[in-house]
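I would ask everyone to look first at the sequence and the structure on the screen, and then to follow me through the chains.

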Amino acid sequence: MEKERLKGNLDLLLLSVLAAGPAHGYAVITALRERSAGAFDLGEGTVYPALHRLEAAGLLDSDWADIPGRRRRVYALTSKGAAALAAEQVRWRRFAAGMQAVVGWSA
Amino acid sequence: MTGPVEEYLRQLRAGLRTRPEETSRILAEAEDHLRESVAAGRAAGLTETEAAEAAISSFGTVRAVVRAHQTPRGQAAAALGSVAMAIWLLAGTVLTSVFAVGLVMTVVIAVTTGPPRPGPDPDPSLEGLAGFVAACGLLGLAVLGTYARARRFRQRSRGGRR
């Protein structure tokens with residue numbers, strides 16, 4: 001259930017990490033793990049399809065960067081992605097506040 | 001030298017059912033990710049092999065990564081394929097079972113009644129039954145044979161079970 005809940009919020013998490021600046025997949029996943037103090041530990045290979053999907057939706061842009069011996073795809077938030085992130089953050093904060101008010105309520 | 005990462009990428013390439021340019025991108029990203037993950041493992045004190053195994057384990061099984069890259073239509077087709085395979089296996093098993101039971105019954109009848117007496121009119125119903133049982137056997141073997149081949153093909157195309 002934890003994984004499903006995480007997958008349901010993966011887009012918001014990825015957009016939030018990339019709001020800090022362009023990054024390649026490994027850096028995005030590492031940041032996700034570190035910022036969540038290890039709580040969000042997804043199968044790393046399954047994050048790439050989400051990045052591809054966000055790019056196809058116009059929320060991310062990506063380009064190849066050459067590093068010695070191999071190629072690296074670097075992702076960046078587009079203006080449409082930044083607007084979607086801002087809207088999602090508002091929704092999330094409202095939702096989280098509602099959840100906290102109910103779940104954290106004590107009589 | 002072929003290490004665990006190269007072998008993993010080979011299996012991933014074999015398993016992916018995506019357009020060539022998409023496959024090339026997925027593999028390049030997977031390689032970059034795994035190499036960086038191995039380097040992080042080495043920096044943390046793991047051996048090359050340990051770091052490679054840890055990187056692959058964190059990345060996910062070939063099957064999980066292939067499934068994650070499948071479109072919903074591709075996932076539906078894969079599920080439909082699994083159902084068709086199960087039905088095909090059941091059909092082959094039923095047909096060969098009919099043959100096996102028929103064969104045992106024939107032997108039992110032959111042993112209990114002795115050799116057939118020569119006569120102008122052999123029992124047509126028994127001849128028909130024997131033909132049916134033999135046809136079931138041949139058809140069952142053919143179905144199971146095609147099932148085995150299809151199963152091998154599917155396993156190869158999924159890149160094994162890693």
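Let me begin with chain B, which reads α-α-α-α-α-α along its sequence. Please bear in mind throughout that this is a predicted model. Chain B has 6 helices and 0 strands. Of its 162 residues, 18% are buried. If we take the contacts in chain B between residues at least 6 apart in sequence, 72% of them join residues at least 24 apart.

I turn now to the place where the two chains meet.

In α4(A), the buried residues are Val47(A), Tyr48(A), Leu51(A), His52(A) and Leu54(A). Why do they lie on the same side of α4(A)? They do so because they cover an arc of only 160° around the axis. Their cover includes α2 (10-18), α3, β2 (60-67) and β3 of chain A, together with α2 (20-43) of chain B. Just after α4(A) comes Gly58(A), with a positive phi of about 85°.

Next, the strands. β2(A) and β3(A) run antiparallel and are joined by 8 bridges. As one example, Asp63(A) has Val74(A) in β3(A) as its bridge partner. The two strands, β2(A) and β3(A), form a hairpin with 2 residues between them, and Gly69(A) in the turn has a positive phi of about 85°.

In soluble globular proteins, nonpolar side chains tend to be buried together. The largest nonpolar core here has 34 residues, and Leu14(A) and Leu18(A) touch the most other members. Two or more residues of this core come from each of α2, α3, α4 and β3 of chain A, and from each of α1 (4-15), α2, α3 (48-59) and α4 (62-69) of chain B. Which residues does Leu18(A) touch, not counting those up to four places away in sequence? They are Ala23(A), Val28(A), Leu60(A), Tyr75(A), Ala76(A) and Leu77(A).

Thank you for your attention.

Key:
Residues are numbered from 1 along each chain as its sequence is written. Chains are lettered from A and ligands numbered from 1 in the order in which they are written. This is a predicted model: local features need pLDDT of at least 70, side-chain atom pairs count only at pLDDT 80 or more; totals for chains, interfaces and linings use all residues. A residue is buried if 20 or more other C-beta atoms lie within 10 Å of its own, exposed if 12 or fewer, and partly exposed in between; C-beta atoms are placed from the backbone. Helices (H or I, at least four residues) and strands (E, at least two) are DSSP runs, numbered from the N terminus. The arc is that of the directions from the helix axis to the C-beta atoms. Two residues are in contact if their C-beta atoms, placed from the backbone, lie within 7 Å. A nonpolar core is a set of buried Ala, Val, Leu, Ile, Met, Phe, Trp, Tyr and Cys residues joined through C-beta atoms within 7 Å. Two strands pair if DSSP finds at least two bridges between them.
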